[in-house]
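Here is a predicted model to work through.

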Amino acid sequence: MTQTQWTAVDRYISDLFVPSDPALDATLEASAKAGLPAIQVAPNQGKLLMILAKMQGARRILEIGTLGGYSTIWLARALPAGGRLVTLEADPRHADVARANIARAGVADKVEVRLGKALDALPRIEAEQIGPFDFTFIDADKESYPQYLTWAMKLSRPGSVIVADNIVREGQVVDAGSRDTNVQGVRRFNAKLAAETRVVATAFQVVGSKGYDGFAIAVVAGED
Ligand code: SAH
Ligand code: DHB
Ligand code: MG
């Protein structure tokens, strides 16, 4: 199995299930033109996030790591009228590109891009009592994933869903001795999520146009 094959199958899936979408196409084009790294979720993964948020009936969504707003737009499309999404981005250039993309996609009224380090923004979000969030997507710097989990829990309610991207890192996640701080970050995150008694959680590997990686998903217990 090769990257070529994974890409071909992702194209097959996207051709079937994720037809060309002017706003999302323009988002990818503008992000590439601005020199942003092409590390946004794949189209079928973006649609998965939208489906998960819809299944959840999410009215308030928190995203940690905006980049050019590609996953943001997918998630915003899951929101009902009056729904709200707050997305956190440390890089002002990324935030600018994202704001333009989000406006072009017609979801600016639902989305707030907050510029600054997520670990500075999260305590403010708690103080402002914008939460609890029904759905949180963790996708920023991997070193801070364990802390992002702490905050996601703090800003959740029973029944809230938490999803994290990039928790497999081309399989490097099984290397306990890895000197890659990203790998150590996701390892600590996975261990912490697995030990968290207030959630039901799992993780899975994904191959596709974006290579070999994976997602973790958790639902906060105690709703019923
Ligand atoms: N969710 C996006 C991809 C995010 S890439 C998508 O799938 O479309 C990760 C983003 O996190 C980058 O834009 C990076 O600048 C941002 N980031 C890195 N460290 C951060 C921090 N400490 N706080 C907030 N954002 C951060
Ligand atoms: C990286 C970050 C991401 O969010 C992603 O989806 C892929 C790669 C990275 O920092 O390498
Ligand atoms: Mg990611």
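Q: Where does Ser144 lie?
A: This is a predicted model, so the reply rests on computed positions. Strand S4 covers 135-138. Helix H7 covers residues 145-154. Ser144 lies in the loop between S4 and H7.

Q: Is Ser144 buried or exposed?
A: Its relative accessible area is 9%. The cut-off for buried is under 20%. Ser144 is therefore buried.

Q: Which side chain makes a polar contact with the side chain of Ser144?
A: A polar contact needs a pair of N or O atoms within 3.5 Å. For Ser144 the distance is 2.5 Å. The partner is the side chain of Asp141.

Q: Why is helix H7 largely enclosed by the rest of the structure?
A: Tyr145, Pro146, Tyr148, Leu149, Trp151, Ala152 and Met153 of H7 are buried. H7 is largely enclosed because the buried residues number 7 of the 10.

Q: How many residues of the shell around ligand 2 are charged?
A: The residues around ligand 2 are Ile39, Asp139, Lys142, Asp165, Asn166 and Arg169. Asp, Lys and Arg count as charged. The shell has 1 nonpolar and 1 polar residue, and the charged ones number 4.

Q: What share of the accessible area of ligand 2 does the protein cover?
A: An oxygen atom of ligand 2 is 3.0 Å from a polar backbone atom of Ile39. A polar side-chain atom of Asp139 lies 2.8 Å from an oxygen atom of the ligand. On its own, ligand 2 has 290 Å² of accessible area, and the protein covers 65%.

Notes. Residues are numbered from 1 along each chain as its sequence is written. Chains are lettered from A and ligands numbered from 1 in the order in which they are written. This is a predicted model: local features need pLDDT of at least 70, side-chain atom pairs count only at pLDDT 80 or more; totals for chains, interfaces and linings use all residues. Side-chain values use heavy atoms; hydrogens and water are left out. A residue is near a molecule or strand if one of its heavy atoms lies within 4 Å of it. A polar contact is a pair of N or O atoms within 3.5 Å; within protein, one must be able to donate a hydrogen and the other to accept it, and residues adjacent in sequence count only if both atoms are side-chain atoms. Accessible areas come from the Shrake-Rupley method with a 1.4 Å probe; for residues, only the protein chains shown count as cover. Buried means under 20% relative accessible area, exposed over 50%, partly exposed in between (1.4 Å probe, protein chains only). Helices (H or I, at least four residues) and strands (E, at least two) are DSSP runs, numbered from the N terminus.
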